[in-house]
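Hi there,

Here is the structure I promised to pass on to you. Have a look at it first, and then read on for my notes.

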Amino acid sequence: MRKPLVAGNWKMNGSRSSVAKLLEGIKSGSDEFGAIEVVVCPPYPYISQVESLLDGSPVSWGGQDLSAESSGAFTGEVAASMLLDFGCKYVIVGHSERRSLYAESDQVVAAKYLAALDSGLIPILCVGETLEERESGVTEQVVARQLDAVIDTMGVGVLAKGVVAYEPVWAIGTGVTATPEQAQDVHRFIRSRIAAQDANVAAALQILYGGSMKASNAHELLGKPDIDGGLIGGAALKSEEFLSICKAAAE
Ligand code: PGA
């Protein structure tokens, strides 16, 4: 059985006071998290605050990105060891905003994935097609290419210690959610592609859905057999909304 995982990607949002308020809200509902894993990914400056507020709670935290390098003259970058130093357990890798706005190639994403694994962080690898790609019928090719870039580094075993998030770019922050069937189709494709190389890795892999998941649609999406949780953007900034999604995942 795969444990459901709900991860909040706060993106570039928040302040000291909003972080405190949001975490207070999330912690107040955390008694019901028993059967699921819950993670929040704040902007870097707030990770220390999150660590002190969540320490000892059932909620984990992680980074939204990391450098593929371990240390040195890389102005503005953050290394895996630094995230670990502040108690991070997870790190998002290859989010579509990193790929499109900061030109991260499949190869850069793969290098970051390995840097996370090497240090003991659990990478959440994001894959997904743009609207144009979906409309031209190449969704599976795009997702396969993004997965293969990581698998090709050291074999399919690298996915055994990570998480995959399927995030159709056209659904991110748009309010347009993939239908549960559309999402399930791609999740099934991802799992079967990995199963062709290693059935055990595929069976154990948590595959999250991301893209305008919210309280009102979480239940239906999370009810699909290959959807093991969610990577939540906008709805992760409101504690009641986020808690409702966690509740749906726990059911
Ligand atoms: P959204 O973002 O839930 O606001 O669509 C999801 C994500 O980008 O991870």
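Is the crossing of α1 and α11 left-handed or right-handed? It is right-handed. Please keep in mind as you look that this is a predicted model.

Let me start with that helix pair. Helix α1 covers residues 16-28 and helix α11 covers residues 239-250. They pack at an angle of about 35°, and their axes are 9 Å apart. On the α1 side, the contact involves Leu22, Gly25 and Ile26, which meet Ser239, Phe242 and Leu243 of α11. Four of the residues in this contact are nonpolar and two are polar, with no charged ones.

Next, two loop residues on either side of β7.

Gln206 sits in the loop that links α9 (199-204) to β7 (207-210). Its relative accessible area is 16%, which is under 20%, so Gln206 counts as buried. A polar atom of the Gln206 side chain lies 2.6 Å from the backbone oxygen of Lys3. Leaving aside residues up to four places away in sequence, Gln206 touches Arg2, Lys3, Leu5, Val163, Val164 and Asp228.

Ser212 is found in the loop between β7 and α10 (215-222). Ser212 is buried too, because its relative accessible area of 15% falls under the 20% cut-off. With residues up to four places away in sequence again left out, the residues that Ser212 touches include Ala171, Gly173, Thr174, Gly175, Val176 and Thr177. Asn217 is also one of the residues touched by Ser212.

Definitions and conventions
Residues numbered from 1 in each chain as written. Predicted model: local features only at pLDDT ≥ 70, side-chain atom pairs only at ≥ 80, totals over all residues. Heavy atoms only, no water. Axes fitted to C-alpha atoms, helices over the stretch in contact; angles between N-to-C directions. Helix = DSSP H or I, 4+ residues; strand = E, 2+ residues; numbered from the N terminus. Left-handed = near helix turned anticlockwise from the far one by under 90°. Contact = heavy atoms within 4.5 Å. Nonpolar A, V, L, I, M, F, W, Y, C, P; charged D, E, K, R; others polar. Buried < 20%, exposed > 50% of the residue type's maximum accessible area, 1.4 Å probe, protein only. Polar contact = N/O pair within 3.5 Å; in protein donor to acceptor, adjacent residues only side chain to side chain.
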